[in-house]
Amino acid sequence: MDVKVFVSLPMRDRLEDHILKRISSVLTKMEEAYPDIPFVWVDNYHKAVPNNIKGTRKESPWMLSDSLKLMALSDIVVFADGWSEARGCKIESEVCKMYDIPHILESQIGLMIKKDLINYIKEDINGIQRQTS
């Protein structure tokens, strides 16, 4: 079973190359920390934005709404370093908390025991209600 990973990271004013390198770095950390778990990236990098909102104040909410849909398809969300500086990432974090979507910080990769990570993800996949604090 492939584990679908959504990477939340700041994208505003960053070049595509930088964004894709950061995503790759996060996925590499996941693969190195948990080598026998097959991770796949849920591609949330927005390449196409409707022309009528591109460059307007509506562009960011449009991208965020698209990201939330993709986040819902993932098995786990990883918040890359710097996420707390970006409005969209903060909203994604709140959605994870409010809707009990499995998530970890980039700095926590490898700290969670593999068995616990798998159980955390499986709880969501199997629809088991987790207790939140």
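**Stop 1**

Select Asp75. At 6% relative accessibility, Asp75 counts as buried.

Before going on, note what you are looking at. This is a predicted model: local features need pLDDT of at least 70, side-chain atom pairs count only at pLDDT 80 or more, and totals for chains, interfaces and linings use all residues. Residues are numbered from 1 along each chain as its sequence is written, and side-chain values use heavy atoms, with hydrogens and water left out.

A salt bridge here is a side-chain nitrogen of Lys or Arg within 4 Å of a carboxyl oxygen of Asp or Glu. Helices (H or I, at least four residues) and strands (E, at least two) are DSSP runs, numbered from the N terminus. Lys4 is partly exposed, at 33% relative accessibility.

**Stop 2**

How many salt bridges does a search of the whole structure find? The search finds five.

Select Glu106 and Lys29. Their side chains meet in a salt bridge at 2.6 Å, N to O. Glu106 lies in the loop between β4 (103-105) and α4 (114-125) and Lys29 in helix α1, so this pair ties together parts that are 77 residues apart in sequence. Glu106 is buried, at 4% relative accessibility. Lys29 is partly exposed, at 33%.

Go to helix α3 and pick Glu94 and Lys97. They lie three residues apart, about one turn of the helix. Salt bridges that share partners join another set, Arg22, Lys29 and Glu106, into one network.

**Stop 3**

Switch to cartoon. Four strands form an open sheet in the order β2-β1-β3-β4, with parallel pairing. β2 (39-41) and β4 are the edge strands, and each pairs on one side only. From one strand to the next the twist averages 30°. Axes for such angles are lines fitted to C-alpha atoms, for helices over the stretch in contact, and angles run from 0 to 180 degrees between N-to-C directions.

Zoom in on β1 and β2. They run parallel and are joined by three bridges. Two strands count as paired if DSSP finds at least two bridges between them. Select Val5: its bridge partner in β2 is Trp41.

**Stop 4: the largest pocket**

Select Pro10, Met11, Arg12, Ser60 and Met63. Of the 36 residues that line the largest pocket, these lie nearest its centre. The pocket has a volume of about 900 Å³.

The search runs on a 1 Å grid over the protein atoms alone; a pocket is an open set of points with protein on both sides within 12 Å along at least five of seven lines, and lining residues have an atom within 4 Å of a point. Grid points are joined across faces, edges and corners, and the volume is the space filled by probe spheres set on the points; the probe is 1.4 Å.

Which helix gives the most to the lining? Select α2: it supplies six residues. β1 (3-8), α1 (16-33), α2 (59-73) and α3 (87-98) each supply at least two.

Colour the lining by type. It divides into 14 nonpolar, ten polar and twelve charged residues. Ala, Val, Leu, Ile, Met, Phe, Trp, Tyr, Cys and Pro count as nonpolar, Asp, Glu, Lys and Arg as charged, and the others, Gly among them, as polar.

**Stop 5: loops**

Select Ser84, in the loop between β3 and α3. Ser84 and Pro10 are 74 residues apart in sequence and 8.6 Å apart in space, C-alpha to C-alpha. Ser84 is partly exposed, at 36%.

Finish with phi angles. Most residues other than glycine have a negative phi. Asp13 has a positive phi of about 60°. Asp13 lies in the loop between β1 and α1 and is exposed, at 78%. Asp100 also has a positive phi, about 55°. Asp100 sits in the loop between α3 and β4 and is buried, at 15%.

Conventions. Buried means under 20% relative accessible area, exposed over 50%, partly exposed in between (1.4 Å probe, protein chains only).
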